Amino acid sequence: MDGNRRWARNLGLPVLVGHAQGAYTAAQLRKWWMTSLNGEHSPVAMTVWAFSSENYKRSVDEIHGLFLILIAEFNDMAYCPFIHYFNIRVRIVGTRDRLPASLISSIEILEHSTQHYTRFYYQVAVGYGGRSEIVEAVNEIASEGKTITAHAIDKHSLCTKLGLPSVDFIVRTSERRTSGFFLWDTQAAELHFIDKLWPQLTKVDWINCLLEFSRRQIRGGA
């Protein structure tokens, strides 16, 4: 979800307006996802990165405003008929120790309301950092007194904890880098870059992503 601030600044608007528009685009994306299901080329799981651990370096006012937007979005999803109709399990991934209690409460309500769904899986990364995830996995292995190996980290990776396969396809807007997104689980992921800011994303862009995904040979690194 990259480019919200640049989108707002390009229009002479406050950056929080950009974040709000970015949240609207994420909501639209969920609808595009469900209304363009097409057999084997339709993703069962999707993750959007809303707030990274690096984003804590931003101003207090921006972080506070962004957290308020996230609370509103999570509360809306918890009671959204669309989410429940399509049986979408929603989980928020990332470190929560720096999140405000009000945001954590909205996360818990949302996750609880969708916890039994098994048809589709939607993750929102908040307070997430790719390197931090690997450090956490290594610390967990060490605390168990086990040898730190690639196989051991595999068992402690975020995708494994979520019960999901490794990432097949990464879509990045506005930049041509992955910024450590799911760093361990994206080793064999295909990359697709869109030269637009996140709020500018359209359904046509989403359809093009699906078409591009259908053309790739997903071999999982084999």
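**Cysteines and helix packing**

Tutor: A search of the whole structure finds zero disulfides (a disulfide being a pair of cysteine sulfur atoms within 2.5 Å). Cys159 is in no disulfide, and the nearest cysteine sulfur, that of Cys209, is 18 Å away. This is a predicted model, where local features need pLDDT of at least 70, side-chain atom pairs count only at pLDDT 80 or more, and totals for chains, interfaces and linings use all residues. Residues are numbered from 1 along each chain as its sequence is written, and side-chain values use heavy atoms, with hydrogens and water left out.

Student: Is Cys159 buried or exposed?

Tutor: Cys159 is buried, with a relative accessible area of 4%, where buried means under 20%, exposed over 50% and partly exposed in between (1.4 Å probe, protein chains only).

Student: And what about Cys209?

Tutor: Cys209 is likewise buried, with a relative accessible area of 4%.

Student: Switching to helices, at what angle do H2 and H3 pack?

Tutor: Helix H2 (residues 15-35) and helix H3 (residues 60-78) pack at about 25 degrees, with their axes 10 Å apart. Helices here are DSSP runs (H or I, at least four residues), numbered from the N terminus, and axes are lines fitted to C-alpha atoms over the stretch in contact, with angles running from 0 to 180 degrees between N-to-C directions.

Student: So how are they oriented to each other?

Tutor: H2 and H3 are roughly parallel, a label for angles under 35 degrees.

Conventions: Helices (H or I, at least four residues) and strands (E, at least two) are DSSP runs, numbered from the N terminus. Angles under 35 degrees count as roughly parallel, over 145 as roughly antiparallel, 65 to 115 as roughly perpendicular and the rest as oblique.
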